[in-house]
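Please consider the sequence and the model shown here.

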Amino acid sequence: MIDINTLIFLLFILALSIFLGFELISKVPSTLHTPLMSGSNAISGITLVGALISAGTDGNMISTVLGTLAVIFATINVVGGYLVTDRMLAMFKKKK
Amino acid sequence: MNTAFIINLSYIAAAILFIIGLKMLSSPLTARKGNLISAIGMFLAIVATLLTKGLSFQWIVLGIVLGSMIGIFAARLVAMTAMPEMVALLNGFGGIASLLVGWAVYHCSQTFETLTIITVFLTVLIGGVTFTGSIVAWGKLKGIFPSKPILFDGQRMINLGILIALLFSGIILIISPQTSYSTFLFIIALSFILGISSVIPIGGADMPVVISLLNSYSGLAACAAGFVIQNNILIVAGALVGASGIILTRIMCKAMNRSLSNVLFSGFGSGVKDQSSETEGEINPITIEDAYLILEAAQSVVITPGYGLAVAQAQHVVRELGELLEKNGADVKYAIHPVAGRMPGHMNVLLAEANVPYDQLVEMDDINPTMNSVDVCIVIGANDVVNPAAEDDESSPIYGMPIIEVYKAKTVFVLKRSMAAGFAGIPNKLFFNENTRMLFGDAKASISGIVSEFK
């Protein structure tokens, strides 16, 4: 399972990602804050990756059920999040 | 090349696409394309994961089909006015998904490294709090739960007790992971309770902060799940979302001149008595006909919307009025306070839905210096964000909060149902100013009335 070197490596990625996130998001104008939230919501549906593995691994009924539930919720997040963000952003128009 | 290598390469590509997608959100011109690029990244990550050897697909397909159907259905049907509720629910689903992933890993593992069980504990904790916290926020926004803060004696002690119990259970779980299944379930239950008990004391007008914070939590939960299954893409994506939520939380707190802990623990607006019956001067009501005459002569008009615009569903008639005023030769702008509405950017989305061009929406800091030269400012369903007490009344609970300085305009129209106080129950001196005219009635009906006068 997880050893100290892997942990350090993962923490390294975490630290860089957080700083990158701050840089990226602070440039988003306030007019787009709602689409930003729903869009980043869709990104947090990335848990789906973990859920797929739990749902698809044979052997244990309960963990398969838990995994499948996780797949459902994460998919709602991903599909619903991206679609609703797209619907909103399509409405943002510049003055003719 | 083996499959694991290809999968990991795809994850790197997905991370890059997420980052490019977020970068393109920095302008409304590129934002829609950015969202698409981010979605392609997600699709790539999912397809790559499905290449993992030894997966059986029947349950996966069932979950994806069900989830997609619900997701498509929800995204197509949700009204723009209900967007805060939608985002709250999505936050919650992200949290519960991470919790379930942590639980599934815990359930089927035989041996536990200490580091793994710590990450499982964190995933379940953050995921659980995010889930029930978001459900409560959703209920408050939807009006199922009272939107006023729910406060009782010893509330903070109870929350502290839950937190201590969680830490203790966590330590027991970490010391003996194999024999502590009931402790694990207890931790899930406590996390759920903590989510509920930490959001119920927060009032409806503070929802922009809560939703931003829960947004951040949903990212952090995904991030913690990434440590459980040792997956880079979860950590990168989760951290991006976590950072996003924290930035929005900070912006919202700053826009109310309050600290995060004040928002989370003070039960704002519950202690203030309704003092609006104490008159501080004359109020000047105005009829729709007179309002029309003043607007007809106005050269510059600023419209300041608040949550009441969403409640009255008045965004379309407001746009119509704006267009008529422009046709009449007036310069029309919309002044948007950062915490107007129930979530960050709420007003912008509503007005965009009604086809108001986004370059007509002006942020608080840009509109205030020009307020002196504005002929008419129309306040629709906003109260605290235009209350001059924030600037000159040190005893006011909102003292120090930056406001849209509508009182500086030559004439201010306030559209209001009655003289009842706003959410926080703080009296608003603006209503009694000499240059203020109160247009009582339903905002939508009043605006429609003015619009028909123009025709």
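Predicted model: local features only at pLDDT ≥ 70, side-chain atom pairs only at ≥ 80, totals over all residues.

Residues are numbered from 1 along each chain as its sequence is written, chains are lettered from A and ligands numbered from 1 in the order in which they are written, and side-chain values use heavy atoms, with hydrogens and water left out.

A nonpolar core is a set of buried Ala, Val, Leu, Ile, Met, Phe, Trp, Tyr and Cys residues joined through side-chain atoms within 4.5 Å; buried means under 20% relative accessible area, with a 1.4 Å probe and protein chains only. The largest such core has 147 residues, and among the members that touch the most others are A:I46, B:F18 and B:I380. Helix α4 of chain B (residues 83–108) gives the most to this core, with 15 residues; helices are DSSP runs of H or I, at least four residues, numbered from the N terminus. A second, separate core of 33 residues includes B:C253 and B:M401.

Helix α11 (residues 288–297) and helix α17 (residues 443–454), both of chain B, pack at an angle of about 60°, with axes 9 Å apart. Contact here means heavy atoms within 4.5 Å, and the residues making it include B:Y292 of α11(B) and B:I450 of α17(B).

B:S134 lies in helix α5 (residues 114–142) of chain B. This serine counts as buried because its relative accessibility is 0%. B:S134 touches residues including B:A88, B:N91 and B:L214, leaving aside those up to four places away in sequence.

Note on methods:
Buried < 20%, exposed > 50% of the residue type's maximum accessible area, 1.4 Å probe, protein only. Helix = DSSP H or I, 4+ residues; strand = E, 2+ residues; numbered from the N terminus. Axes fitted to C-alpha atoms, helices over the stretch in contact; angles between N-to-C directions.
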